[in-house]
Amino acid sequence: MTPNSEKPTGSHLPNAQQRQRRSRHRRWLDRGWHALITLAGVSVIATLLAIFVYLLLEVLPLFKPVSAQLQPHAASTPPPALILPSIADDDLAMAAAKAGFAADFQLIDGLKRVIILAKRDGEACVLLRAALSQGCQQRLSLTDRTVQLTAATWLAGQQSLITGDSSGQLKQWYLIADAAGQLRLSWVKPFSQQAAAIVAIAAERGRRGFAVLDANGGLSVFYSALSSAIWQAQYATFSLAQKGVTELRFTPNNDGLWLLSAQQAEGFLAINNRHPEISWRTLWQKVWYESWQQPEYVWQSGGGYELYQGKYSLVPLTVGTLKAAFYALLVAVPLAVLAAIFSVCFLQEPVRSHLSSMIELMALFPTVIIGFLAAIWLAPALEQHLLSLLLYLLLVPAAVWALAYYWHYLPRRWQHLNSSGATLILMSAILLIGAWVALGLGSWFESLLFEDSLRFWLDQQGVDYQQRNALVIGLAMGFAVLPVIYTVSYDALAQIPQQLTAGAYALGANQWQIVRRIMLPVAMPGFLAAVMLGLSRAIGETMIILMATGNNPITNFNLFEGLRSLTATLTIELPEAAVDSSHYRVLFLVAILLFVFTFAANTLADLVRQRLRRNLQRLE
């Protein structure tokens, strides 16, 4: 009988032709599924890359260098000069008389509260308009003794003064209230020195930038938060010796700069400077802003006020995100890891499966409900029973240790109640009794030691206690993160080969020795992976932080103060941000930070889990 002949009568085996056809069919199916799985994996990677590239393209314009080009100006005319605050000539005459000199420079702030008179030699007098009869409230020198004051102007908002002198030095001054509430003109910082005497200073409209022209035709553009020029060039034709340019004037949109001589246009500079307030320094370093007493990390994205100076430090948001994640992990990691150890090593079936399933189901609980309960119920309850919580954290471990120590003194019939169900009931009873005792003792200790309220006592000690604080976030978000850490830790312990524990039992080790000497060291990479996944989950959490904190951008790790996270900032401010504004693009930078944080945490967790898997394979 040949191979291709018909199969024998009564045989159910396929013949050679059928086997070849089925083999080709399986190969095509395998190739199709392989291609489909590969396409799905590549699509996921491509999607992640596309998201990252899109975010990056939205952020890159923030760091685009300033550019400028000299253009013809014959067909256009300069805009009118800015209308600065002014006062009556009689008030100026009275102010000059009280100052005791004829002023070459006369400046008044936007609210017309403060008059600043200055002479060429730099001597200046600060007067309060409401108290002109009292004379100078402050005398100071705006320049060094050997140079002359050549230019002075307010920046937008009339709270920051820029002065220039004959040596090319630029200085910034703020109107800041002293300890008595009196406005004082305070020197803030110098800017990079120019090559020649300052001829003209022009402030941008609605922003804290300004342009400077020196006597040699050197033209520079500055932003008040930065000490160095963000753009500069040399135009000798505009020097005093040639065209004699003595005035600079920005266009209404700050996209051009007119160079004027006796109100006549001598040149026009087209400027591309969309986001001067954004730099690595303003994002990550302390900046001294107007009306602030010192440099600080500040996030205040702005408002509808045209002259508002946006403050975009990412440090408060990053610190707030890490602060929330830290306190959440501080609550979740010990509970989840110890629960996993207890479940795998000490509980028996079917109680173990039921308990692990219940904890894993906690992950399905909506975080918006957790945030709602934390804001409405947990935060006021903690404020009222803060001392009871602290006592509870001390009483429960102490009760467990005392029970373990005196266990052998109990009646023998109680000592043999070591089933999983009885153990859980006993632990639950300790938790409930501990809570009841802590509530009673907390109220008693508060009335005895803290005059009825630990909350007010903390305020008296200078500790700022906010109702929606990091403690609330730690408890609420720890509840949300706990199932993730528990599940990964449980799997890491459950995957340990049984021959390791069986060999330890054969050598006479007890249960706790096996856990401490064998299971914990082997499962330690899994615990680390669980913590990293929990960190990623905590960093990406939005609703709990949004609802259970005051959303204050504070740069500290105070347990009793609130915070502002990266995710909450995106949720709150993105709908209100003007498209293509600095605020809008900085929010995309916030999204990139979140992307990097979560991607790094998840990648590290996966690498650790792969290492654990390889180690377990060697042990089998």
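Ser 453 sits in the loop that links α9 (420–449) to α10 (454–460); helices here are DSSP runs of H or I with at least four residues, strands are runs of E with at least two, and both are numbered from the N terminus. With a relative accessibility of 13%, Ser 453 counts as buried, where buried means under 20% relative accessible area, exposed means over 50%, and partly exposed lies in between (1.4 Å probe, protein chains only). The C-alpha atom of Ser 453 is 9.0 Å from that of His 385, a residue 68 places away along the chain. All of this comes from a predicted model, in which local features need pLDDT of at least 70 and side-chain atom pairs count only at pLDDT 80 or more, while totals for chains, interfaces and linings use all residues. Residues are numbered from 1 along each chain as its sequence is written, and side-chain values use heavy atoms, with hydrogens and water left out.

Helix α7 covers residues 386–405, which makes 20 residues. From first C-alpha to last, α7 reaches 29 Å, close to the 28 Å expected at 1.5 Å a residue; the expected span is 1.5 Å times one less than the number of residues. Buried residues in α7 include Leu 386, Leu 387, Ser 388, Leu 389, Leu 391 and Val 396.

Helix α4 (residues 315–346) has 32 residues and should span 46 Å, and its end C-alpha atoms are 45 Å apart, which agrees. Even so, α4 has a kink of about 30° centred on Leu 329, the bend being the angle between axes fitted to the seven residues ending at a residue and the seven starting there. Leu 329 is also one of the α4 residues that meet α13.

What angle do the axes of α4 and helix α13 (residues 511–539) cross at? The answer is roughly 145°, and the axes come within 9 Å; axes are lines fitted to C-alpha atoms, for helices over the stretch in contact, and angles run from 0 to 180 degrees between N-to-C directions. The crossing is right-handed, a label used if the near helix is turned clockwise from the far one by less than a right angle, with anticlockwise giving left-handed. On the α4 side, the residues that meet α13 include Thr 321, Ala 325, Val 333, Val 337 and Ile 341, and among their counterparts in α13 are Trp 512, Met 519, Phe 527, Val 531 and Leu 535. Contact means heavy atoms within 4.5 Å. An α-helix has 3.6 residues a turn, so residues three or four places apart point the same way.

Now for a sheet. Four strands line up in the order β6-β7-β8-β9 as an open sheet with antiparallel pairing; two strands pair if DSSP finds at least two bridges between them. The edges belong to β6 (149–154) and β9 (183–190), each with a single partner strand, so one side of each has no neighbour in the sheet. On average, neighbouring strands are turned by 25° against each other, direction ignored.

Strand β7 (residues 160–165) is joined to β6 by 5 bridges. Across that pairing, Trp 154 partners Leu 161, and Thr 153 stands opposite Ile 162. The two strands make a hairpin with 5 residues between them, and Gly 157 in the turn has a positive phi of about 100°. On to β8 (residues 170–177), which pairs with β7 over 5 bridges, again antiparallel. Here Gly 164 stands opposite Leu 170. The hairpin of β7 and β8 has 4 residues between its strands, and Gly 168 takes a positive phi near 90°.

How many residues of β7 are buried? The count is 6 of the 6, so β7 is largely enclosed by the rest of the structure. Ser 160, Ile 162 and Gly 164 cover one side and Leu 161, Thr 163 and Asp 165 the other, and all are buried. In a regular strand the side chains alternate between the two faces of the sheet.

Ser 224, between β12 (218–223) and β13 (231–234), is buried at 1% relative accessible area. Leaving aside neighbours within four places in sequence, Ser 224 contacts Leu 155, Gln 172, Lys 189, Phe 191, Arg 208 and Gln 309. Asn 551 is not a glycine, yet has a positive phi of about 55°; this residue lies between α14 (543–548) and α15 (566–573) and is buried at 14%. Asp 580, between α15 and α16 (582–619), has a positive phi too, near 70°, but is partly exposed, at 34%.
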